Amino acid sequence: MIHHLRRFMPVFDWGRSYDRRAFSNDMIAAMIVTIMLIPQSLAYALLAGLPPEAGIYASIAPIILYAIFGSSRALAVGPVAVVSLLTASALGQVAEQGTAGYAVAALTLAFLSGGFLLLMGVFRLGFLANFLSHPVIAGFITASGFLIAASQLKHILGVSAHGHTLPELLISIFSHLGDIHWITVALGASATGFLIWVRKSLNPTLRKLGVPPLFSDMLTKAGPVAAVVATTVAVWAFDLAARGVKIVGEVPQSLPPLTLPGFAPDLLNALLVPAILISVIGFVESVSVAQTLAAKKRQRIDPDQELIGLGAANLGAAFTGGYPVTGGFSRSVVNFDAGAQTPAAGAFAALGLAFAAVALTPLVYFLSKATLAATIIVAVLSLVDLSILKKTWGYSRADFVAVATTMLLTLGLGVEIGVASGIAISVLLHLFKTSRPHVAEVGLVPGTQHFRNIYRHKVETDPTVVSLRVDESLYFVNARFLEDLVQKRVTNGCEIHHVILMFSAVNEVDYSALESLETINVRLKDMGVGLHLSEVKGPVMDRLQRSHFIEDLNGEVFLSQFDAWRKLANSPVPTAAQ
């Protein structure tokens with residue numbers, strides 16, 4: 001019973017060895033993350049088009065549930081920039097911001113996302129995320145960073161602007177330049193400049209002054225809080241709200257309420273695809289962060305358990321007034337660097353946020369939206385990675401095209417089309433690469449038992465023997481390619497008596513590929529050419545033996561390529577089928 005609980009609820013695993021030292025480290029990490037999360041949660045709710053309290057609510061129950069079901073010991077779950085942008089894009093199609101329908105749609109989106117992630121985890125489908133290539137994800141996130149920053153310029157400038165694509169946003173902003181509110185600009189620009197300085201220079205400056213690393217890190221992470229406090233006091237002291245500065249206003253002073261998503265068929269149908277896209281992007285981002293942090297401590301995470309943990313977190317958000325959440329890169333790194341030992345650090349941070357929701361929300365009444373926008377803009381600067389274009393251009397033009405296309409579609413047509421196209425491009429790129437597998441003709445390296453590409457190395461060959469090393473698993477996409485390649489090579493060499501397929505890199509042969517191998521065997525047999533296999537892996541051989549292919553093979557199966565070469569080189573021509 002306990003074993004099954006530990007499998008689905010990792011809290012029963014790490015909780016057994018929880019001690020005072022872990023508690024102390026987790027509490028310190030929780031304090032630092034809580035300080036960071038308060039302004040971030042408010043800001044990301046603004047980005048999603050929701051009331052600021054929704055960001056706080058989405059950071060309480062989801063974190064606690066992830067601490068129970070998640071497998072990462074450092075991942076910090078909550079609202080993040082990209083998911084908030086995707087949420088705003090999805091909800092804008094079904095309801096108007098500021099309405100009750102918009103808030104219900106956010107709950108429904110979290111419910112669908114949580115349910116999808118949970119089902120994927122139960123059926124152990126985490127491997128599907130591997131079909132999203134890293135360059136494509138990097139391109140999408142970079143483009144999203146630009147979109148997020150552009151969407152927040154209206155708050156910095158104090159103008160009204162709308163749009164879900166970069167052209168729409170820029171055109172809308174430029175058309176309202178005459179309405180710029182200069183007091184808001186002063187607040188927003190000051191906050192942005194201060195936050196950039198904090199991120200780039202504060203920590204090194206404090207270290208030079210002799211401040212201990214722990215305190216300098218805490219002060220750096222508290223930079224957004226300082227910006228919030230300073231601008232809030234300025235708005236209150238100078239009554240800037242009366243002079244046109246837009247403020248957060250009244251935020252409910254309470255714990256997260258119990259809420260219900262909407263279950264209207266039309267709403268569910270409209271949000272199903274966006275929920276799937278949000279789930280996939282959120283999962284890929286979370287797992288990549290969790291694996292990176294786990295590797296630093298020689299720990300491991302279970303991707304399928306991560307699906308369950310993230311699914312539970314999103315379901316928690318759906319029933320406590322939140323919206324879709326996932327593991328955030330910046331807060332997870334902060335959590336890790338602050339010394340978090342277990343997921344309990346997240347639970348303690350949730351308690352800190354719950355206290356903030358009850359006791360501190362009246363203090364943000366005069367908080368300007370320009371400050372929150374500045375917080376978002378500075379936070380998403382870390383998402384932008386234009387170097388991926390240069391790297392992929394130099395390494396793989398196909399990957400460059402995939403990255404550039406994803407970025408352009410995201411910027412020009414919106415995040416939903418961008419992420420959908422990214423998924424499609426990743427799959428098509430995989431199919432394209434595997435549809436034309438690398439097949440090298442190899443020869444014997446003199447004085448050794450090794451075989452290498454005849455066009456790259458000085459090797460021994462025999463005009464009567466063709467050795468082809470297949471460097472890819474064989475399945476329906478590339479089966480005909482191998483069939484045609486063998487046919488072309490044999491018809492080009494009239495002295496060929498034997499063809500050896502070196503299967504050292506073949507991990508799988510599906511039924512379509514089996515039929516192609518049978519066709520190759522029959523054709524070569526009719527031409528008086530023997531077909532042989534070498535270095536076939538055990539699982540592949542087991543499957544081939546279930547068919548009649550091995551019995552009908554017009555040749556032999558050799559344990560090694562050297563054994564095949566030693567026996568077949570300069571051997572007599574096999575008898576052709578009559």
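**Inside the core**

User: Let's begin in the middle of things. Leaving out sequence neighbours within four places, which residues is Ile281 in contact with?

Analyst: Once the neighbours within four places in sequence are set aside, Ile281 is in contact with Val82, Leu86, Leu132, Ile137, Phe140 and Val419. Keep in mind that this is a predicted model.

User: Thanks. Which residues have the most contacts inside the largest nonpolar core?

Analyst: Those are Leu86, Phe140, Leu271, Ile281 and Tyr323, in a core of 98 residues.

User: Let me zoom out. How many helices and strands are there in the protein chain?

Analyst: The secondary structure comes to 25 helices and 8 strands. Of the 578 residues in the chain, 53% are buried.

User: What box do the C-alpha atoms fill?

Analyst: Taken along the principal axes, roughly 100 × 60 × 60 Å.

User: What share of the contacts comes from residues 24 or more positions apart?

Analyst: They account for 80%, counting contacts with a separation of 6 or more.

User: On to helix pairs. At what angle do α19 and α20 pack?

Analyst: Helix α19 (residues 397-413) and helix α20 (residues 415-435) pack at about 165°, and their axes are 8 Å apart. An angle over 145 degrees counts as roughly antiparallel, so that is how α19 runs relative to α20. The crossing of α19 past α20 is right-handed.

User: Which residues make the contact?

Analyst: On the α19 side they are Ala398, Asp399, Ala402, Thr405, Thr406, Leu409, Thr410 and Leu413. From α20 come Val415, Ile417, Gly418, Ser421, Gly422, Ile425, Leu429 and Lys433. By class, the contact of α19 with α20 divides into 8 nonpolar, 6 polar and 2 charged residues.

User: Now α10 and α11. How far apart are their axes?

Analyst: They are 9 Å apart, with α10 (residues 182-208) and α11 (residues 213-221) packing at an angle of about 155°. That makes α10 roughly antiparallel to α11. As with the previous pair, the crossing is right-handed.

User: Which residues meet there?

Analyst: Val198, Leu202, Asn203, Leu206 and Arg207 in α10 meet Pro213, Ser216, Asp217, Leu219 and Thr220 in α11. This contact has 5 nonpolar, 3 polar and 2 charged residues.

User: Switching to backbone angles: what is phi of Arg124?

Analyst: Phi is near 55° for Arg124, which is a positive value in a residue other than glycine. You'll find Arg124 in the loop between α7 (100-122) and α8 (134-157).

User: Why does Arg124 count as partly exposed?

Analyst: Because its relative accessibility is 41%, and partly exposed covers what lies between under 20% (buried) and over 50% (exposed).

User: Got it. And where is Asp239 found?

Analyst: In the loop between α12 (223-237) and α13. Asp239 also has a positive phi, about 50°, although it is not a glycine. With a relative accessible area of 42%, Asp239 is partly exposed.

Key: Residues are numbered from 1 along each chain as its sequence is written. This is a predicted model: local features need pLDDT of at least 70, side-chain atom pairs count only at pLDDT 80 or more; totals for chains, interfaces and linings use all residues. Side-chain values use heavy atoms; hydrogens and water are left out. Axes are lines fitted to C-alpha atoms, for helices over the stretch in contact, and angles run from 0 to 180 degrees between N-to-C directions. Helices (H or I, at least four residues) and strands (E, at least two) are DSSP runs, numbered from the N terminus. Angles under 35 degrees count as roughly parallel, over 145 as roughly antiparallel, 65 to 115 as roughly perpendicular and the rest as oblique. A crossing is left-handed if the near helix is turned anticlockwise from the far one by less than a right angle, and right-handed if clockwise. Contact means heavy atoms within 4.5 Å. Ala, Val, Leu, Ile, Met, Phe, Trp, Tyr, Cys and Pro count as nonpolar, Asp, Glu, Lys and Arg as charged, and the others, Gly among them, as polar. A nonpolar core is a set of buried Ala, Val, Leu, Ile, Met, Phe, Trp, Tyr and Cys residues joined through side-chain atoms within 4.5 Å. Buried means under 20% relative accessible area, exposed over 50%, partly exposed in between (1.4 Å probe, protein chains only).
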